[in-house]
Amino acid sequence: MKSFLIMFIALSAINTDLYAAEAGMPQLDPTYWASQGFWLILIFTILYISISKFYLPKIKDNLDNRENKIKEDLENANKFKEQSEDKLKEYEIILENAKKEVSKIHFESKNILDKEIQSKKDMIEKDIEKELVKAQKDITELKKNSISSIQKISENIAANIIENISGEKLNESSIKAAVEDISKKNIGKYL
Amino acid sequence: MASNPMQQFTVHKIGPEIKIAGIDLSFTNASLFMVISASVILLFLFLGSKEKKIIPNKIQLIAEMFYTFVAKMISDTAGSKAKPYFPFIFSLFMFVLFCNMVGMLPYSFTVTSHIIVTLIMALFVFIAVTIIGFLKHGFKYLSIFVPSGVPAVLLPLITVIEIISYLSRPVSLSVRLFANMMAGHTMLKVFGGFVVSLGVLGGWLPLSFSVALTGLEILVAFLQAYVFAILTCIYLNDALNLHH
């Protein structure tokens with residue numbers, strides 16, 4: 001809209017008076033057209049040369065550098081990632097081996113300990129048996145001894161009882177025979 | 001202050017008169033603002049490419065954004081064959097953009113609001129594209145005027161229309177930029193004049209218009225530089241990749 005309006009003004013200005021700068025548009029005053037063209041071309045040429053020769057290559061370099069750097073960094077990151085994955089695998093293998101070794105050592109030491117325990121147990125059992133046998137012998141001897149001493153004591157007691165009750169002394173050998181007889185009959189109760 | 005809104009476009013010479021072979025080539029305010037725009041571009045690019053950092057600072061980032069913006073524009077519209085013309089289109093885009101933007105500063109002069117300036121640029125693009133077209137394709141380049149798949153009856157008419165549209169390219173290219181810039185600045189000036197003439201009581205409405213227009217004009221300044229550059233790319237594409 002706006003530009004059409006201005007176009008209309010411009011065209012009407014051209015139609016009425018081409019060089020009427022004072023009345024309408026200073027743009028249509030040709031006094032300085034040559035000057036503007038000259039300076040435009042000069043300045044734009046300088047601008048173009050300095051931009052194309054100095055600044056654009058610099059900016060391009062910088063952009064390329066950044067892109068390369070990013071690419072490189074990404075590559076490095078990938079490499080490091082792979083390395084770390086390899087290391088992780090290695091670590092897992094080492095861990096697995098260690099676990100195996102641990103269970104092996106565990107098993108072996110358990111076996112050795114079991115054997116030792118078994119042999120010690122056997123030895124102790126043998127000792128205990130020996131002791132038992134010896135103790136049994138002692139006991140039977142003690143029993144025999146005790147039976148004979150009990151007989152003697154019984155003989156004495158019997159002689160004393162008879163003496164006290166009847167007032168007469170009995171033959172020692174007959175008492176002995178009687179006690180022996182009774183004890184033989186009852187020995188099964190005590191042994 | 002209620003001066004002519006077109007007065008801002010007057011060209012007057014600064015310093016001594018320079019005459020070469022009877023032609024007045026004096027340094028004018030237009031030339032001054034061309035120099036200022038070009039200097040700003042060069043300073044900006046200098047600061048933007050001074051430190052080659054992997055992580056750019058702000059100005060470097062902006063310079064690189066301009067680079068990638070123009071590079072993408074060219075590769076999108078004209079393909080990879082247009083790569084050798086990248087510096088020219090980049091310079092053109094930057095020059096038009098910065099002239100437009102410098103023109104937005106108060107009391108400055110808008111170089112691109114002069115038809116002669118835009119016409120020279122448009123004619124240069126037009127002639128260069130035509131030369132490139134003939135150099136690349138020889139007389140086959142004339143087939144650009146004969147579109148394929150057109151009924152034979154319509155062909156003469158279409159060809160005439162194509163020739164007219166081709167020849168009007170420099171006019172449309174230059175007038176588009178010139179008219180947009182001039183219209184915008186005239187409107188700003190008119191509304192500015194209203195603000196002054198309506199005073200403290202009534203001036204607020206035109207002032208708000210002025211503020212809004214300033215934003216719009218900054219957009220237009222960018223847009224027109226973009227349009228100028230992208231049309232150059234499209235013309236270049238026609239010359240490089242003949243696909244009619």
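## Chain A at a glance

Chain A has 3 helices and 0 strands, where helices are DSSP runs of H or I with at least four residues, strands are E runs of at least two, and both are numbered from the N terminus. From the N terminus on, the order is α-α-α. Of the 191 residues in chain A, 10% are buried, that is, they have 20 or more other C-beta atoms, placed from the backbone, within 10 Å of their own.

Please keep in mind that this is a predicted model: local features need pLDDT of at least 70, side-chain atom pairs count only at pLDDT 80 or more, and totals for chains, interfaces and linings use all residues. Residues are numbered from 1 along each chain as its sequence is written, and chains are lettered from A in the order in which they are written.

## Where chain A meets chain B

Here 35 residues of chain A are in contact with 39 residues of chain B; contact means that C-beta atoms, placed from the backbone, lie within 7 Å. On the chain A side, helix 1 (2–16) and helix 2 (33–166) are the elements that give two or more residues. Helix 2 of chain A gives the most, with 25 residues.

## The largest nonpolar core

The largest nonpolar core has 70 residues; such a core is a set of buried Ala, Val, Leu, Ile, Met, Phe, Trp, Tyr and Cys residues joined through C-beta atoms within 7 Å. Helix 3 of chain B gives the most to this core, with 12 residues.

Ile89(B) is among the residues with the most contacts inside the core. Not counting residues up to four places away in sequence, Ile89(B) touches Val70(B), Ile74(B), Ala229(B), Thr232(B) and Cys233(B).

Note on methods:
Buried ≥ 20, exposed ≤ 12 C-beta atoms within 10 Å, placed from the backbone. Contact = placed C-beta atoms within 7 Å.
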